[in-house]
Amino acid sequence: MTTLVRPEQAQAGLGLTLERLSLGYGGDLVVREIDLEIVAGEVLVIVGASGSGKSTLLRSLAGLLPPAGGRILAGDAEITGTSAERAMVFQDDGLLPWRDVRRNIELPLRIRKVGRRERAAAARAWIERVGLAGSEDRLPRELSGGMRQRVQLARALVAAPRAVLMDEPFGALDAQTRAQMQQVLLDVLRDTRATVVFVTHDVDEALLLADRVAVLGGHGLRAVLDVRGAGDRAALRDRILKEL
Ligand SMILES: Nc1ncnc2c1ncn2[C@@H]1O[C@H](COP(=O)(O)OP(=O)(O)OP(=O)(O)O)[C@@H](O)[C@H]1O
């Protein structure tokens with residue numbers, strides 16, 4: 001298997017298909033019979049009130065929560081567990097505290113047994129790409145929240161996943177750092193062809209990042225709205241707020 005690891009060597013995005021998907025915990029359904037086609041290479045942002053099931057849906061896309069009904073396809077294959085093709089980014093960073101920036105970013109490649117030189121070259125490229133040059137030898141506790149999210153982003157993308165699942169990754173950041181990170185993400189996504197599913201509470205963040213916005217609520221999808229094609233952003237924003 002060839003591992004494509006440089007920022008410019010992105011793999012084609014993964015289409016994700018939700019078919020009559022029901023999700024829940026111990027018999028209580030959070031979402032019921034959702035149908036949704038997430039197009040390869042798009043940025044789909046999921047918004048919804050607290051408790052509407054955004055994280056639950058993302059966990060099922062990651063393969064961490066089996067459906068209570070229906071199924072999810074990744075390409076043509078049903079999702080039955082986690083896969084390196086689908087990388088997850090959380091709000092809490094989950095970095096290994098005893099490993100420096102470079103070694104945290106190299107981790108997915110080490111797991112895949114990519115050779116030392118190739119790992120180092122890929123990590124270097126990503127450290128540069130997310131604006132962490134000069135901080136590669138620092139430990140997570142020596143970084144700001146925004147820097148830790150940069151490390152997470154690089155770590156998620158270094159092994160060229162075909163889908164990236166992001167659960168409120170900037171939710172804990174102050175407004176200025178959050179705006180910076182949104183820009184970093186937009187810049188990085190320009191070079192990748194990965195499909196992105198991004199969960200947020202923030203409608204403005206959704207409108208900035210999304211190709212489409214899916215509004216979750218009432219155990220289902222209230223609306224799926226095209227952002228890129230929409231002429232009137234203010235009207236779209238009002239529509240989303242009304243659906244929430
Ligand atoms: N591990 C779990 N066990 C039982 N119930 C859970 C579990 N995780 C979530 N739930 C319940 O499922 C529902 C949806 O939770 P989920 O975290 O997916 O919502 P959310 O839209 O992501 O919320 P928030 O915006 O507050 O993060 C909630 O009622 C929650 O209490």
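Me: Before the sheet, what makes two strands pair here?
Reply: Two strands pair if DSSP finds at least two bridges between them. By that rule β1 (residues 16–25) pairs with β2, with seven bridges joining the two strands. They run antiparallel.

Me: Is this a predicted or an experimental model, and what are the ipTM and pTM?
Reply: The model is predicted. It scores ipTM 0.98 and pTM 0.92.

Me: And what does the pLDDT average for the protein?
Reply: The average is 91, and 95% of the residues score at least 70. Where pLDDT is low, the predicted coordinates should not be read in detail.

Me: Back to the strands. In what order do they sit in the open sheet?
Reply: The order is β2-β1-β4-β5, four strands with antiparallel pairing.

Me: Which strands does α1 touch?
Reply: α1 packs on the sheet and touches β1, β2 and β4 (69–74). The direction of α1 makes about 120° with that of β1.

Me: Which residue is the bridge partner of G24?
Reply: L29, in β2.

Me: New topic, the ligand. Which residues surround it?
Reply: The ligand is surrounded by Y25, V30, G48, S50, G51, S52, G53, K54, S55, T56 and H201.

Me: Which element gives the largest share of that shell?
Reply: Helix α1 (residues 54–62) does, with three residues.

Me: How do the shell residues divide into nonpolar, polar and charged?
Reply: Two are nonpolar, eight are polar and one is charged.

Me: Where is R20 found, and why does it count as exposed?
Reply: R20 is in strand β1. R20 counts as exposed because it has 12 C-beta neighbours inside 10 Å, and the cut-off for exposed is 12 or fewer.

Me: What about phi of H219?
Reply: Phi of H219 is near 65°, again a positive value in a residue other than glycine.

Me: Where is H219 found?
Reply: H219 lies in the loop between β9 (212–217) and β10 (220–226).

Me: How many other C-beta atoms are within 10 Å of H219?
Reply: There are 16, so H219 is partly exposed.

Terms used: Residues numbered from 1 in each chain as written. Predicted model: local features only at pLDDT ≥ 70, side-chain atom pairs only at ≥ 80, totals over all residues. Near = placed C-beta within 6 Å. Nonpolar A, V, L, I, M, F, W, Y, C, P; charged D, E, K, R; others polar. pLDDT = per-residue confidence, 0-100. Contact = placed C-beta atoms within 7 Å. Axes fitted to C-alpha atoms, helices over the stretch in contact; angles between N-to-C directions. Buried ≥ 20, exposed ≤ 12 C-beta atoms within 10 Å, placed from the backbone.
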